[in-house]
Amino acid sequence: MRVVLAEDLYLLREGLTHLLRAHGFDVTASVETGPDLLAALTGGDPPDVAIVDVRLPPTFTDEGLQAALTARRARPGLPILVLSQHVEQLYARELLADGTGAIGYLLKDRVFNADQFIDAVRRVAAGGTAMDPDVIATLLTHHDQPLSRLTPRERDVLGLMAEGRSNAAIAAQLHLSEGAVSKYTTSIFTKLDLAASDDDNRRVLAVLAYLNGTRY
Amino acid sequence: MTAFRTAVRQRMCLLGRVIALFALTAAELALLGLPASAIVVPAIWPVVLLHGAAVGGLLWLWFVPASAVFLVVSRGLLRVHRRLVAEWCGVQIPDPYRERPRLERTEHGWYWNGHDYNKYRWLSRINLWLRWRGNDPATWRDLCWQILGIPLSVVVLPAAACVYGTLAVVRLCGATALDPLFFGSYVVAGAAAGAALVFAYVSPKQMLSWHGLTARWLLAPTERSRLRTRVARLTQTRTDATDAQATELRRIERDLHDGAQARLVALGLTLGAIERLLDTDPAAARELLARSREASAQALTELRDLVRGIHPPVLAERGLADALRALALDGPTPVQARIDVPGRLSAPIESAAYFAVAELLTNTAKHARAAHVTLTAEYAANVLRIEVTDDGRGGATDSAGTGLRGLRRRLGTFDGTLALDSPPGGPTRATLEIPCALSSPKTSTSSGRD
């Protein structure tokens, strides 16, 4: 699987390259600046997935995020995993806005857990979603009537579902059987009045849209 | 016909204002009668000598409260006058008065009023008050206005005085033949007053603006006193700013010292232990490694929170408009954001505005029990204006905590203001205004959902 990596800190860039290579990824380009990233993403040979730091030279603002958004406008559904030292609801929304999935948005700390990080990269490359637990936690703390009807267990499941985990992964994390998880998800979808779907990605997007949408 | 009627009604309304302002000016003049009556006191001394000290005491008893009432009432009346002039004549006249100095108590229990020490509080206060009033040039300018206001306001009266003066000179010169004319001058004076009324009716607007201009001449602060007030305020806000900066640096130092720094020391120790255990007890080493990974993650979280408190990354990356949008998304209460700031402001102002809004939203979440919060930000005429409104229970005051006062102090550094309107039962509206200039055109994108 071919990966483009955009990170301006040398140590982190090397660390990530090693980590990805060790897990069988092929790092085709590792770039340092926003313009280079945009060229690598929109050039003739697009990667299977891009891992992008939000803050890049030359402006050291949200160069990486802007490049990612521009590239996805040019190539809808291009899988991109955005890494950052901090997560913002605002950025998560912008990344999810086109509704095509294949998007990840994680804190840089999540690299510490290599297995989960590689799992997230694979999920995004396969067209899925990987949202940072911090983003989801903020969404779940909002005062919201329908959400308060969920049991604590259902809220746990909803949180993991919103992060982009599959039923199997949720079952493993919460020490439940897959059957139990699918029962919880059905109940959640009924309580929140959402159309159930077997497709993991569509399900995640529906949940995220719901959590975002209830803000207004 | 109706158009004519409305025109007449409007004119009568304006005329009413002219008359009301003149009446007020006349009342201010009449107030002078209170201290002026004191002149009667020495005039009556011979009577006192004849009738005993009791009567004299009574007269002094009259003089002191009369003067005090004069001083207090005239300032109040002139405040009303300034407000009316601003509203009716369209001439803004700021209050020229100096702030009243505070009475300080020394450690020996004496009172210091800025000039001398006094054992008694009331005596020191009276002394302080009299000095404060007496040394303020505005007091004397007020007095000038009270004397000159009427003649200055009614342009016709000086003219009438001229006519009188001329006639008096003519009479002194012995031109008795003109006597009937002198008598006739009463008619002239009456005619002048009548002319004033007619003029006021024909062009009440001119009358009002003339009054406004003369009032501003004497009632507005002089350039000197304006500068004096400004210097005092700048000194105060500079002290506040340096204090706040020092406090902030100390907080950051403490957070780093007790947080990330301590964690890194612990991490170093654990790594040393792992190095020793690696050959002898690999299982224990692995456990320690897992724990040190957790410790480093925790250090990162703490650093992240600290960074947010110093300068939020979203503010650095996107500027105020998007930072406010991000803020609106983060709180537990739904916040509807309408942000219209078309570019970047200077960094210190963006930061001050961001933290002010963050504090207001936190207050709302903590105290207001609101279901909906609205956040609007707009930039117009070189003023950044931000409003936070909630439908909570209201009753927020400055005295409730140090939060709002601190906020006001921090905004003061930028000549910013915070207005709070929070009747018990709600709703609460906090409006902050900061004069500033845009530095660059908009570079950020918006989420498009606001």
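1. Helices (H or I, at least four residues) and strands (E, at least two) are DSSP runs, numbered from the N terminus. B:W122 sits in helix α6 of chain B, residues 121-135.

2. This is a predicted model, in which local features need pLDDT of at least 70 and side-chain atom pairs count only at pLDDT 80 or more, while totals for chains, interfaces and linings use all residues. Residues are numbered from 1 along each chain as its sequence is written, chains are lettered from A and ligands numbered from 1 in the order in which they are written, and side-chain values use heavy atoms, without hydrogens or water.

3. B:W122 has a relative accessible area of 54% and is therefore exposed (exposed is over 50%, buried under 20%, partly exposed in between; 1.4 Å probe, protein chains only). Together with B:Y120, B:L123, B:I126 and B:L130, B:W122 makes a nonpolar surface patch of about 530 Å². Patch residues have over 30% relative accessible area and no salt bridge; nonpolar side chains (Val, Leu, Ile, Met, Phe, Trp, Tyr) are joined within 5 Å, like charges within 9 Å. A salt bridge is a side-chain nitrogen of Lys or Arg within 4 Å of a carboxyl oxygen of Asp or Glu.

4. Chain B also has a positive surface patch, formed by B:R100, B:R102, B:R105, B:R121 and B:R125. Of these, B:R105 belongs to strand β1, residues 104-105, and is exposed at 58% relative accessible area.

5. In chain A, D53 carries the UniProt annotation "modified residue: 4-aspartylphosphate", from an unreviewed entry; such annotations may be inferred rather than shown by experiment. A:D53 lies in strand β3, residues 49-53, and is buried, with a relative accessible area of 4%.

Definitions and conventions:
Areas by Shrake-Rupley, 256 points an atom, 1.4 Å probe, with all protein chains shown as cover. Lys, Arg positive; Asp, Glu negative; His and termini not counted. Charge placed at Lys NZ, Arg CZ, Asp CG, Glu CD.
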